[in-house]
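Open your viewer and get ready to select residues as we go. Each stop tells you what to pick and what you will find there.

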Amino acid sequence: DPEPAAAPAFDGAVPFFGEHQAGIVTPAQDRLHFAAFDVITKDRAKLVEMLREWTAAAARMTQGRDAGTLGAVGGQPEAPPDDTGEALGLPPSGLTLTIGFGRSLFRDAAGVDRFGIADRLPAALEALPHFPGDALRPEISDGDLCVQACANDPQVAVHAIRNLARIGFGVVSIRYSQLGFGRTSSTSRTQTTPRNLMGFKDGTRNMKLEDAELLREQLWARAEDGAAWMAGGSYLVTRRIRMTVETWDRTSLTEQEAIFGRDKGEGAPLGKAKEFDEPDFDAKGADGQPMIAKEAHIRLAHPDFNNGAHLLRRGYNFVDGTDGLGRLDAGLFFMAYQRDPRKQFVPVQRSLARADVLNEYIRHVSSGLWACPAGVTGDGDHWGRALFS
Ligand SMILES: C=CC1=C(C)c2cc3[nH]c(cc4nc(cc5[nH]c(cc1n2)c(C)c5CCC(=O)O)C(CCC(=O)O)=C4C)c(C)c3C=C
Ligand SMILES: [Fe+2]
């Protein structure tokens, strides 16, 4: 039976300016276009100028306007328009644009300080370690800059990334990009919990907009963490995780539920009745075995077993056609924000990579780590101002 109807998708505008960047605690929209960029210029001034132009375009597009001041049809007929036009007539659709800086922007692989900002490299941007089972493809991993575009209309999200890439011509080039549909997390208690492509509710025990104290402790970076320019920002980990859905679909319901430690219908922890009931990791079944197995996903990922670490997960489902072997190229584009990945994502992923029974059905093929600065506070401010000033 259908669950109570979810509220219609928000198609209004999310404020662009603010203390924190939009697109982090903003109630997760339904669609994603994520892009990682390589910076191809050596000229610091050109890069900063592009970030200024990106900011102006982002501020306009998130409010449902054209990327440039002339617009898709308002400029000189002899010149290319300063907006590509495919979002003409569409509402803002909850569009948020969130920027992040990768480690390679500070120092390249040879250790060269490319833009005079190597001394600003945050300790928390330490390269992620190799985890057992990682099958990372370099061409779809890392990058100098990223932009996460989320919206409730895919055309609006794609339009935004396309126009930023257009503006950045000659300064940046897209290294890889990822489309996502069907958010796999709730980031607010006003949202119903969506389902991932394994059919389970995902995002039940996520950090949420309403958890003010937890967000202060575990989401937002502070000046005293070491990189003053990151105060009010957050660190994003992205992982493209392929699911072998065909194998999963031949697994029994009991086995699927044991793998996650939750039931599939309601999403309740095994041994409990309702989705938001607290899991009881000590409860044993009639056979004397733990109701939630030692190697169940929700036990291994739970803060109680990871030194209290929480994550704000904000991932999306993806299906990128088929792989030529009759299988869907499908999975989860995992995204998680946090104050310090060394204390949050890394220990949680270590424990999952070591023992999670889900590993039989998934493979991490892409990875990225991004320093997402605080919000742009108004006219005159721009993406990267604190980093480059
Ligand atoms: C390193 C972090 C995590 C990765 C990678 C990850 C992959 C992954 N997760 C699911 C599905 C579910 N995850 C659930 C809970 C959950 N997952 C993580 C972390 C990672 N998951 C955390 C921190 C939690 C919450 C744990 C807790 O506090 O109870 C759930 C249960 C519902 C929920 O609480 O969200 C599901 C379902 C998939 C399919 C996947 C890789 C493809
Ligand atoms: Fe998970």
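Start by selecting serine 93, which sits in the loop between α1 and β2. Helices (H or I, at least four residues) and strands (E, at least two) are DSSP runs, numbered from the N terminus. This is a predicted model, in which local features need pLDDT of at least 70, side-chain atom pairs count only at pLDDT 80 or more, and totals for chains, interfaces and linings use all residues. Residues are numbered from 1 along each chain as its sequence is written, while chains are lettered from A and ligands numbered from 1 in the order in which they are written.

Is serine 93 buried or exposed? Serine 93 counts as buried because it has 27 C-beta neighbours inside 10 Å. The rule is that a residue is buried if 20 or more other C-beta atoms lie within 10 Å of its own, exposed if 12 or fewer, and partly exposed in between, with C-beta atoms placed from the backbone. Now check the backbone: phi of serine 93 is near 60 degrees, a positive value in a residue other than glycine. Most residues other than glycine have a negative phi.

Next, select aspartate 142, in the loop between β2 and β3. Its phi is also positive, near 60 degrees. Aspartate 142 is buried, with 24 other C-beta atoms within 10 Å.

Now move to Leu95. Which residues does leucine 95 touch? Leaving out residues up to four places away in sequence, they are Val14, Met61, Thr62, Ala149, Ala151, Val156, Ala157 and Ala160. Contact here means that two C-beta atoms, placed from the backbone, lie within 7 Å.

Leu95 also belongs to the largest nonpolar core, which has 90 residues; Leu95, Ala149, Ala157, Ala160 and Tyr235 touch the most other members. Such a core is a set of buried Ala, Val, Leu, Ile, Met, Phe, Trp, Tyr and Cys residues joined through C-beta atoms within 7 Å. Helix α1 (residues 44-61) gives this core its largest share, 7 residues. Domain 1 (26-118 + 145-183) and domain 2 (190-200 + 209-389) both contribute residues, so the core lies between them. These bounds come from an automatic or database domain assignment.

Colour the two domains separately: their C-alpha centres lie 26 Å apart. The contact takes 24 residues from domain 1 and 23 residues from domain 2. On the domain 1 side, β1, α1, β2 and β4 each give two or more residues, and β4 gives the most, with 6 residues.

Pick helix α2 next, residues 154-167. Its buried residues include Val156, Ala157, His159 and Arg162. Show β1 (31-39), α1, β2 (96-102), β3 (145-151) and β4 (172-183) too, as they are among what covers the buried residues of α2.

Finally, select ligand 1. How many residues surround ligand 1? There are 28, and the closest are Phe200, Thr204, Arg205, Ala301 and Gln349. A residue counts as near if its C-beta atom, placed from the backbone, lies within 6 Å of the molecule. The largest share of this shell, 4 residues, comes from α7. By class, the shell has 15 nonpolar, 8 polar and 5 charged residues. Here Ala, Val, Leu, Ile, Met, Phe, Trp, Tyr, Cys and Pro count as nonpolar, Asp, Glu, Lys and Arg as charged, and the others, Gly among them, as polar.

Methods. Expected span 1.5 Å × (residues − 1).
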